[in-house]
Amino acid sequence: MLTVLLILIPLVAGLITFGLKGSGPKALGLIASLASLAVTLGALFQFRTAPASLQFSANWIPQLGAQFSVGLDGMGLMLCLLTAISFLLIFIVIFNREYERPNSFYGLMLLSQAGLVGVFTAYDALLFYVFWELALIPVYFLCSLWGGEKRIPVTFKFFVYTFAGSLLMLIGLIYIYLQSPDHSFSYASFTNGSVAPQDQSWLFWLFFVAFAIKMPVFPFHTWQPDTYEQSPTPVTMVLSGIMVKMGLFGVVRWLLPVLPKGAYMWSDVAIVLSIIGIIYASCIAIVQSDIKRLIAYSSIAHIGLMSAAIFTNNEQSLQGMMIQLFNHGINIIGLWIIVEIIQQRLKIKNLNEMGGIAQYAPGIAIFLVIISLANIALPLTNGFIGEFLMFSGLFQYNVWFMAVAGLGIILAAVYTLNMVQKVIFGQSNALTETTTDLKANELLVLSIIVVIILVLGVYPKPMLELVSSTTELVNKVY
């Protein structure tokens, strides 16, 4: 029942929020996110003692063989925890911000959270597709209504990409449903090996393209930098920190177990595309002067490594990818929070117009340095163990793949440290001299993020144990 509550709390709160006025929407958003985190922590405890109790199934559309079947494994629970923490931190950091039509803004944010949790918990293919769309539709309206000057064409491009990917996935789901002996959308029916190897070869691309658009992986990434730049920063946090994980999650939960032979046939191609994305995005990030676009391309590079790790058919690499889902989400949201703070203070995004902020806002400078070091996977930060395991798996799979992908580490250090130098060091100017340091809510949020970075950097064992069961299960079928 806790799994159902994880979906119901943001869903019901989001619908109620549309009818509220004044400070009601932001207050309810904060309360709902706190409640979601409490239920997630309860589910985490229950997973260790009675994991079977986190499964729930009820008839939904029996004529189609579709059920409302939800549950939590280690990976799903970890991503639900990331979602709960992220939305709470986002709502805290924007609590003092004012948005036009706040009831609609917070309502759509909560509906997006409900859709995300639904994706991470669905064990029915049709239900998974419904939640996939539920997570995307609110974000489309958030971007188009509260975005920047170019939000309309950018949001249209985002819609076309995601709609095309969703359509391809739906075609694949329907075909596999028709091939299943019992004509069911259940997870067990989809993973029973009923799809012929020759069909798996082309079905792989229907699913992979849908998931690759969402990650995004080269060459399906072109919607992402523009969308991140034009979206309001809280929405960018959701897109970059959580929503891109839908694609990686989809590959592990649905593509590998349902189409193992197809994944095996095309694994080298998928890895090559992912590695191209690492180098390509890193090189573009180096020359960026817009801080939002720099972080956007940085995210593409990190996701590229995770995507490559999935297809190595290696337990170490897969385990590293899973814990990196959580760690990347925490780190990238931390960077976006600092971007939001700087934008609110200075109203600029151009790195060349910044400089010397450390003299006037040492708190911002300290947190930016720590989170940036975690983003380049410095040892003793949370990003290190995941990247180490992924590179170890890539090395065992193909040493040349690992060598080329490893260039991403050097390039990440270049663009990240260059960003830090331009933002907080160097010569200040008339604008940056007006920078004020962190407010109480901003200090609280960034402190929580840094604690998570350091604790998981020093002691990642609990996270590794959480995802171990999922890793073993995927390795058995792939």
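**Close-up views of backbone features**

**View 1. Ala377 is buried, with a relative accessible area of 11%.** Here buried means under 20% relative accessible area, calculated with a 1.4 Å probe and protein chains only. This is a predicted model, in which local features need pLDDT of at least 70, side-chain atom pairs count only at pLDDT 80 or more, and totals for chains, interfaces and linings use all residues. Residues are numbered from 1 along each chain as its sequence is written, and side-chain values use heavy atoms, with hydrogens and water left out. Although Ala377 is not a glycine, its phi is positive, at about 60 degrees. Ala377 belongs to the loop between helix H16 (362–375) and helix H17 (382–397). Helices are DSSP runs (H or I, at least four residues), numbered from the N terminus.

**View 2. Arg101 is a non-glycine residue with a positive phi of about 50 degrees.** The loop that holds Arg101 runs between helix H3 (74–93) and helix H4 (102–121). With a relative accessibility of 39%, Arg101 counts as partly exposed, a term for values between the buried limit of under 20% and the exposed limit of over 50%.

**View 3. The peptide bond from Met215 to Pro216 is cis.** Its omega is near -5 degrees. Pro216 is found in the loop between helix H8 (197–214) and helix H9 (223–230).

**View 4. Phe218 and Pro219 are joined by a cis peptide bond.** For this bond, omega is about 5 degrees. Pro219 is located in the loop between H8 and H9.

Technical notes
Helix = DSSP H or I, 4+ residues; strand = E, 2+ residues; numbered from the N terminus.
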